[in-house]
Each structure stands twice: as C-alpha cells, then as structure tokens.
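Colleague: I would like to learn how to read helix ends, aromatic pairs and salt bridges from a set of coordinates. Could we take them in turn, with the general idea ahead of the case?

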Amino acid sequence: MERAWLIADASDGVAIALSALPVGGTVGDIVVRSPIPAGHKVAIKAIGQGQPVIKLGHAIGVASADFAPGDHVHDHNLAFARETGGHEIGTAIRMPPAMHAQFNGYVRPDGRVGTRNYIGILTTVNCSATVAKRIAAHFTPELLADFPNVDGVVAFSHMSGCGMAKSGLGIDNLRRTVAGYAAHPNFAGVLLVGLGCEVNQLDPLLASAALAEGEMLRLLGIQDSGGTMAAIEAGIAMVEAMLPAANACGRQPVSASHLTIGLQCGASDGYSALTANPALGAAVDLLVAAGGRAILSETPEIYGAEDLLLNRAASSEVADQLMRRLEWWEGYAAQNGADLDNNPSPGNKAGGITTILEKSLGAVAKSGSTPLNAVIDYAEPVTAPGLTFMDSPGYDPCSATGQIAGGANLICFTTGRGSVFGSIPAPTIKLASNPELAAHMAGDIDIDCSPILSGTTLGEMGEVIFNHILATASGAPTCSETLGFGESEWVPWVPGAMF
C-alpha cells in the first residue's frame, strides 16, 4: 500500500499529504481534523501562536494561530517570518569524487562547445523585431532540407532597446543579454539587426563584450539598408551566406565538462522540495564531479533559505556578494510597494506552498551540495567551475534568458503544477514532481521524478536525470523542442526608467 503522507525530517512539525486526506483519516496515530489536499501540510505536533513551524528541518514561518495535531497548515494559520542572525560561511562544503562523462557536441573554432546548431537573429531594439522575424520566416523546413546539420534559423525580439537610460542597470543588462546570445556556442552564426537611431546601438553593444563583425557574426541596420523590405532582403542574403559553414559542423564526442546547465523551477508544489528539486540537485553533483558547471538563479526565490548556500560559499567574498544581492532585492521590492513574500504565486499556494521560506528550501535544493564558487550579475558570462549563482528575477523566462546569455547550453526546469516553458538555443528538460502531473501533461514533461515517493532514492533519480542531460546534449529532442517553444520565451531583464 502506498504511503498517504510523508514526514521529511525528524524535527518537522508537519507531514506532507501524498494524497488527499479526508477528515477522520489518520497520519500515524493522528486523526485528521480538516480536509488536507494532496501536497499540503498536516500538523503532527501542537504548535502555539507565534511559534516556528518546521518543514524539511527548517523554519518556514510562524503559527498565526494555535493549531493541533491533525489540522491543515496553510496560509490561514501560517505566516511569513524570516529568521535573522549570523551566517556560517563555508561550513558545509562537499566535493564529490571526480568522474568522467561524455556527450556528442558541436565544437566551435575557438573551443566552445554547443549542444545545438542554430543560426540566430538578434535585435538591438523592439523596432527591429518584425524585420528579424520576417528574415527567420523565410528559412522554412523545406528550404533548410539541404542543410541537415542546422537546427533552424530563429529570431528573438524584445520590448526594449530605446526610450531608456543610456547608462545604468537597464542598458547594461540588455547589452550583456544580447551579446551573450551572440557569443553562445549553440549558435553557428548570428545576425544582429538594429534600426539605427536606438539607444542600444550596435557598435557599443559589440564593444561591451569584445565582439567583432565577421563571416558568422553579421550586422544589419534597417535605416542604412533603405527600410523594411531592403533590410529583409539583405538579412536573408547574410543568413544564406552562413548556412554552408553552419552545416559543415558535426557532432563529436566531448567531455561533459563542456556542459553549463541553468537550473529553473516554476509552478512548484508541495512535492517539489521532496522529489524533482533534490533529484536535480543530485544530478548537479554528478555534473560538477564530471567538470561541468551549473547556474542557480531567481534571487527572490532563495530568500530565507540563503543559509543553505552561505554554508557552501567558497569564500567570505562570495557570501558577501550573495547577501548584497538579497539586500538589493529587499529594497527593490519595498520601492515597488511589495515584499519578497509576495512570491509564492497563487498556483504555488494551491499546490501546498505557503510562504517564500518554504518555496526557497525547494529552490535551493536544485543546486545540489557542492561549493558555491561565484555570484555574478544577470547575463554575466559564467567562468567559475562548479556552481555559480546568477542574480535574476524569479520570473522563469527572464531568469532562463539570463542563464543562457551567461553560457548555459542546456536548462533543467522542475515543475509541480505544470509548466510549458521551453528555450532556444539551449533546450529545456522539464521534470515533474508528482505522478498526476507527469501523466496529465505527458507531452510537456521529460522526466517523472515521483518514483522517489515510492522508494527510488534521490541518488538513483539523479543518475536518471544526469543520463538524460547527456542524451539531450547529444541531440535527443526535449518535449518543448518538439512542441516548438523557445523564440517567444526570450525575455531580457531590463529594469529602470522608461522615457
């Protein structure tokens, strides 16, 4: 008989319902006093108002009312309250023994390695979006049939690039994002399309990342070309000139040390911290052992669980950088009349997550147990070995865009309620936290992590995920790729004033 509930840690004051618990049902010798939806929390101890509520061995808030064993614990009786105090830096650093793993990738002339082989059309400004899309639309599957090694010609448009400050966080983020995609190893070639009069000019953008125009990085100005139709024709010719060289690229065996994986979670539920997130963390440990890199992001979604990362910080400087990013987000939220407990979303709460502290425990679990070696700005190139933290919003498309700009050539995305996210040029592997989701949205889910609930260990599921990562990096299509996701999900983070 399958378990109906689970106590994740011996210190916990709540159990997690693995299926809906009716009034009068039991959790061990505890009688359920109110209906408990699947994924939600049921009290296993009496807890008085103002006392901390423990789940997964950590405080997830305080009781806003007294509750007794058998009560439903959720936002009607559990409130956000963040613990403050000193942080222990680097006390939980663990490095797994080195291992060897391979995948079949595209080796670029400068030694970078891609998992896909696209030609990308990038835009400096929203004004060039339509021209970029029209150029890409010309290259139909029928036209590309003569270039079987090219995965496609794809265009990316955004809502910014002008009407913005000429310096500061907004333009810096946008330039890093566009330049990061222009230099991405999953692109064999790139066409950069600008209007001509925008704030985000082509030349400063290239100079910001030490990029230069060449045969496989071409520039196109709409005003200089003579308008829309002339620019489209010129852009088509530029891409056509790149196709033979792009098609000449072939896959070859390379070390898994060339993999950089962005870690994402979205539409999380009460199971996420028990199954998909820690299983992905086990896979990350294997990746790091093989010499690869992983990027944890979504700064508002580690809030309250930062101790788990500070304990793994490789230095006090890395720890200080992480704390400064959290402090910035506290101030940013306050400026906008909010606080960081505005996250979780309604869907998270429906799935059993009550506070940001509870959500953050699961979010951090995706990163495994190896040292945190660097903290970087949004879309900044990832250069440190092992685990890096990249500052970003919690909004999944925006965060993943920054990770890919930083060099992620693959994304792993856990979900409990169901996400349909996908990304180009770096494919997204989606991992389900529970069996109902995996069955109900089977066309969107690549890996079902729910067997952990019935006895599969985290280590075993981590190996399943890691092997799937290698297969995907070698060309096996993900569900989101099959469905055609990726171009519309390009969302650079551009904070700041608009003029």
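Colleague: Which residue with a positive phi follows α13?

Modeller: This is a predicted model, so local features are read where pLDDT is at least 70. Glycine 475 follows α13, and the phi of this glycine is positive, near 125°. The helix itself covers residues 458-473, and its 16 residues reach 22 Å from the first C-alpha to the last, close to the 22 Å expected at 1.5 Å a residue.

Colleague: Which residues of α13 are buried?

Modeller: The buried residues of α13 are Met461, Gly462, Ile465, Phe466, Ile469, Leu470, Thr472 and Ala473. As a general idea, an α-helix has 3.6 residues a turn, so residues three or four places apart point the same way.

Colleague: How many aromatic pairs does the structure hold, and how should I read the one formed by tryptophan 328 and tyrosine 332?

Modeller: The structure holds 12 aromatic pairs. For tryptophan 328 and tyrosine 332, the ring centres are 4.6 Å apart and the planes are at 15°, so the pair is stacked, given that planes under 30 degrees apart count as stacked. The two residues are four apart in helix α8 (residues 316-335), and are therefore separated by about one helical turn. Tryptophan 328 is partly exposed, with a relative accessible area of 28%, and tyrosine 332 also counts as partly exposed, at 27%.

Colleague: What geometry does the pair of tyrosine 378 and tryptophan 493 have?

Modeller: Tyrosine 378 and tryptophan 493 form an edge-to-face pair, with 5.5 Å centre to centre and 85° between the planes. Because tyrosine 378 lies in the loop between β19 (372-376) and β20 (386-390), while tryptophan 493 lies in the segment after α14 (479-483), the pair ties together parts that are 115 residues apart in sequence.

Colleague: Are tyrosine 378 and tryptophan 493 buried or exposed, and which residues form one aromatic cluster with them?

Modeller: Both tyrosine 378 and tryptophan 493 are buried. The cluster is formed by Trp328, Trp329, Tyr332, Tyr378 and Trp493, and it therefore includes the stacked pair of tryptophan 328 and tyrosine 332.

Colleague: Turning to charged side chains, how many salt bridges are there, and which residues are linked in a network of them?

Modeller: The general idea is to look for a side-chain nitrogen of Lys or Arg within 4 Å of a carboxyl oxygen of Asp or Glu, and by this rule the count comes to eight salt bridges. Lys41, Lys55 and Glu358 are linked in a network. Glutamate 358 meets lysine 41 at 3.0 Å, N to O, and because glutamate 358 lies in helix α10 (residues 356-365) and lysine 41 in strand β5 (residues 41-43), this pair ties together parts that are 317 residues apart in sequence. Glutamate 358 also meets lysine 55, at 2.7 Å, N to O, and that pair links distant parts of the chain, with lysine 55 in strand β6 (residues 52-55), 303 residues apart from glutamate 358.

Colleague: Where do glutamate 358 and lysine 55 stand in relative accessibility?

Modeller: Glutamate 358 has a relative accessible area of 3% and is buried, lysine 55 counts as buried at 2%, and lysine 41 is buried as well.

Colleague: What N to O distance does the salt bridge of glutamate 213 and arginine 218 have?

Modeller: Their side chains meet at 4.0 Å, N to O. Glutamate 213 is partly exposed, with a relative accessible area of 45%, and arginine 218 is partly exposed at 24%.

How values were computed: Residues are numbered from 1 along each chain as its sequence is written. This is a predicted model: local features need pLDDT of at least 70, side-chain atom pairs count only at pLDDT 80 or more; totals for chains, interfaces and linings use all residues. Side-chain values use heavy atoms; hydrogens and water are left out. The expected span of a helix is 1.5 Å times one less than its number of residues. Buried means under 20% relative accessible area, exposed over 50%, partly exposed in between (1.4 Å probe, protein chains only). Rings of Phe, Tyr and Trp (its six-membered ring) pair if their centres lie within 6.5 Å; planes under 30 degrees apart count as stacked, over 60 as edge-to-face and the rest as tilted.
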